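Me: Got a structure to go through. Can we keep it quick?
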Amino acid sequence: MFAGDHTILPGTSIFINVFALHRNEKHFENPEKFDPDRFLEENKKDRHRFAFVPFSAGSRNCIGQKFAMIVLKIAVATLIKTYRVKSIDPEEKLGLVGEIVLNALNGIHVTLEERA
Ligand code: HEM
């Protein structure tokens with residue numbers, strides 16, 4: 001199999017660094033910026049279809065991704081409709097650890113202030 005200039009021999013294990021891929025400026029302008037608009041249809045239409053792969057890609061990708069996205073949107077919308085969420089720790093203190101999924105080393109401490 002060929003991938004760009006590389007020849008991949010049968011039986012070779014390949015690791016895709018999804019963390020790095022999702023922060024690649026080639027695909028995501030200013031990647032560290034929290035910018036949900038980058039996922040609007042008009043902003044993602046020219047993006048490579050495998051540039052954003054939280055649910056993997058191809059024939060063995062996640063069968064629960066649509067369900068997961070709906071549940072997550074409802075959960076986040078319900079939370080931020082009810083509370084103002086503020087992070088206590090500065091981003092650089094969070095520390096990341098690669099487990100089954102990417103995790104915060106010491107959790108993410110936040111305050112919840114009920115919206116009036
Ligand atoms: C945020 C939530 C989720 C994330 C990030 C996620 C991510 C993934 C990823 C990356 C894979 C591919 C694993 C691999 O390459 O071996 C996968 C596979 C799979 N996911 Fe999810 N998933 C999520 C939620 C769900 C839910 C809610 C379900 C079921 C209701 C589900 C069912 C599956 C199944 C059955 C596979 C295996 C598909 C196959 O091998 O053909 N996932 N998921």
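Me: Is C62 buried, exposed or partly exposed, and what is its relative accessibility?
Reply: C62 counts as partly exposed because its relative accessibility is 32%. Buried means under 20% relative accessible area, exposed over 50%, partly exposed in between (1.4 Å probe, protein chains only).

Me: What are the ground rules here?
Reply: This is a predicted model, where local features need pLDDT of at least 70, side-chain atom pairs count only at pLDDT 80 or more, and totals for chains, interfaces and linings use all residues. Residues are numbered from 1 along each chain as its sequence is written, and side-chain values use heavy atoms, with hydrogens and water left out.

Me: Which protein donor does the iron atom of the ligand have?
Reply: A single one, C62 (SG), 2.2 Å away. Donors are N, O and S atoms within 2.8 Å of the metal (3.2 Å for Na, K and Ca); water is not among the atoms, so sites may look incomplete.

Me: Where is C62 found?
Reply: In the loop between α2 (41-44) and α3 (65-82). Helices are DSSP runs (H or I, at least four residues), numbered from the N terminus.

Me: What does UniProt place at C62?
Reply: The feature "binding site", from an unreviewed entry. Such annotations may be inferred rather than shown by experiment.

How values were computed
Helix = DSSP H or I, 4+ residues; strand = E, 2+ residues; numbered from the N terminus.
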